[in-house]
Amino acid sequence: MTEAEPALVREEISGDVLVLSIDNPPANDLSPPVRAALLRGLTGAGAGRAVVIRAEGRNFSVPTALDCAGDESARPTLGELCAAVDRHPQAVVMALNGLVIGAAAELALAAHVRVASPLTRLAFADVGLGLVPGAGTTQRLPRLVGTIEAIALLLRGRPATAAEALEIGLVDRVVDSALEAAAVAQGATMPGPRPTALRHDRQSDPQTHAAAIAAARAEALRGVLPAPKRIIDCVEASLYLPFEAGLAMESVAREDLAATPEAQGLMAVARAERHAARLPAAVAKVRPREITHLGLSGGAPQFATLALMALGQGMRVSWFDADAARLDRAQDWIAARQDEEIRLRRLTPLQRDADRSRLFPLVDAASLASARLVIHAQADADFARLAARGPSVPQLVLGGAEGALGLALSPSARSCELAVPPDAPPGPVAATVLLLRRLGLSPVLVNGLPVVGRRVSGAGRAALARLLALGVPRDSIAAALDEFGQATPALADPDPAPVAARAMPRPEILRRWLAAMANEGLRLLDAGVARCPSDIDWLMVAGHGMPRWRGGPMYQASLRGLLVLRADLQHWRDDDPLWAPHPLIDHLIAEGLSLSDLNRADLNGAD
């Protein structure tokens, strides 16, 4: 570290306790330099002392799962740091606050005591990448919380709240205030270490352990991913194998899984998700004010969903629709959904009433002027009047319009496309992205019109419909898609009906379907509508139901290679023009470029 570089881990002595404070914004990820600094603290100033490990900021550590898996070989490894914590001659206390994700949660298991704030949430995210957690997680966690809870935490990947963690033994104390002081006092009063590796607090009943393993294994066998089965094997080993042998088994399982197609596909999607979240540098620099008042103009089926999302986030929603009956029906739909949430105990009557009090049906579009962002069903006269007031209030058009910010919600209502005109000021774009993320949507920036997901998924449906017209049996198509993990879309009977049935192997059905989507994706890339191949993959996975572990159509095309993709398309082009190879394929081949190169090239200028 040079004199100008800030310390990633600060060391302070409080009484006779060493406090190590992680300060590695924005995510406080346990990068190799952070791990090295923590290890130096433990073996240097912390030698012979009790140690508290804490973090600056609202969250202890919130790296992406991909960050946690990306630098495992760099020294010291996370496993080496955890071993040093576990074997420290004096007590090591973790002071946990906010989100504690991935590597930080794994490090917390190695500590001798865990003290948490009430808003702490811990999560083990490796299963989302098709991996067994590392650094001894599968051995330490069941020793602390028992087999049933360990399997639930590792397989679901969902965060445990501070209250839940306290109940199951994942944390030892929850303190309302003065977290650091409480952790220091805890370390100062402990007579010595309490290594997790030597504990079996929740594993005293082998029969309960065996029954939990058997039940989890039976459920995992019904799935298609290999990681859950290997995680269960490792958790089972925590009871029957010595700690070091369990670590070795975990390490081998993780290495094996990292080479599987499922893990590779999941990691590709994780990279695509992270890439899609990056914004152009000018937009990323803007710090917009949070939008608390959403305006809706006109009638569209998606508007009721958007209104419900906004109300659930505590926002005010003003909605003008010249068709009063349609607006009434939309309000009835919202009310029915809220009542269903109450029945499922995901909403209280008090919360419902508060949400309803913030929904304002309007009789005049001019009343939308007080909203801080307005979404229009179409680029009509009301849109033109409000847009003329200037760019301070973003005006979006559902489905897009020339020169306007355009929005398209995906069928899953988990992702969306945001079309950004070339001359759009960065402020409104940044404000819109902030709003969409607050609504729980993952926005993907596109150019022109927000049509990427619709056109790519449409190309896939068109390919399947063409196969039906060629005589491929419907059940053969359904079986091929089911094997891939994809739901079969509704397909009309071909007209005219095929003269004779045409046998086609399942792999060819899948290749034709995937190739049609990749070919359309290349068309959108060449037109400049899609920014990069991975954005297309993320939209198809997050928004259009493609299995996450398959990586998306562009990823699948990159696995086969452009030469093979071109050969397949040329072979099938006589069956339908939708399989005619797009010229961009020849251009990329001639330039010696791959689809992955287009992803890397798009990172220029992104933040």
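Is the crossing of H15 and H16 left-handed or right-handed? In the predicted model, the crossing of these two helices is right-handed. Helix H15 spans residues 324-343 and helix H16 spans residues 349-356. Their axes come within 10 Å, and the angle at which they cross is roughly 160 degrees. Because angles over 145 degrees count as roughly antiparallel, H15 is described as roughly antiparallel to H16.

The contact between the two helices involves Ala335, Gln338, Asp339 and Ile342 on the side of H15. On the side of H16, the residues concerned are Pro349, Arg352, Asp355 and Arg356. By class, the residues of this contact comprise 4 charged, 3 nonpolar and 1 polar.

The chain as a whole contains 26 helices and 17 strands. Its radius of gyration is 27 Å, close to the 25 Å that the globule rule gives for 607 residues, so the chain is as compact as a globular protein of that length. Along the principal axes, the C-alpha atoms fill a box of roughly 80 × 60 × 55 Å. Of the 607 residues, 51% are buried. Among contacts between residues at least 6 apart in sequence, those that join residues at least 24 apart account for 71%.

Two loop positions were examined individually. Arg199 is located in the loop that runs between helix H8 (179-189) and helix H9 (206-220). The relative accessible area of Arg199 is 9%, and this residue is therefore classed as buried, the cut-off being under 20%. When residues up to four places away in sequence are not counted, Arg199 touches His112, Arg114, Arg143, Leu144 and Arg194.

Gly400 and Gly448 are separated by 48 residues in sequence, while the C-alpha to C-alpha distance between them is 7.9 Å.

Definitions and conventions. Residues numbered from 1 in each chain as written. Predicted model: local features only at pLDDT ≥ 70, side-chain atom pairs only at ≥ 80, totals over all residues. Heavy atoms only, no water. Axes fitted to C-alpha atoms, helices over the stretch in contact; angles between N-to-C directions. Helix = DSSP H or I, 4+ residues; strand = E, 2+ residues; numbered from the N terminus. Parallel < 35°, antiparallel > 145°, perpendicular 65-115°, else oblique. Left-handed = near helix turned anticlockwise from the far one by under 90°. Contact = heavy atoms within 4.5 Å. Nonpolar A, V, L, I, M, F, W, Y, C, P; charged D, E, K, R; others polar. Rg over C-alpha atoms; globule rule 2.2 N^0.38 Å. Buried < 20%, exposed > 50% of the residue type's maximum accessible area, 1.4 Å probe, protein only.
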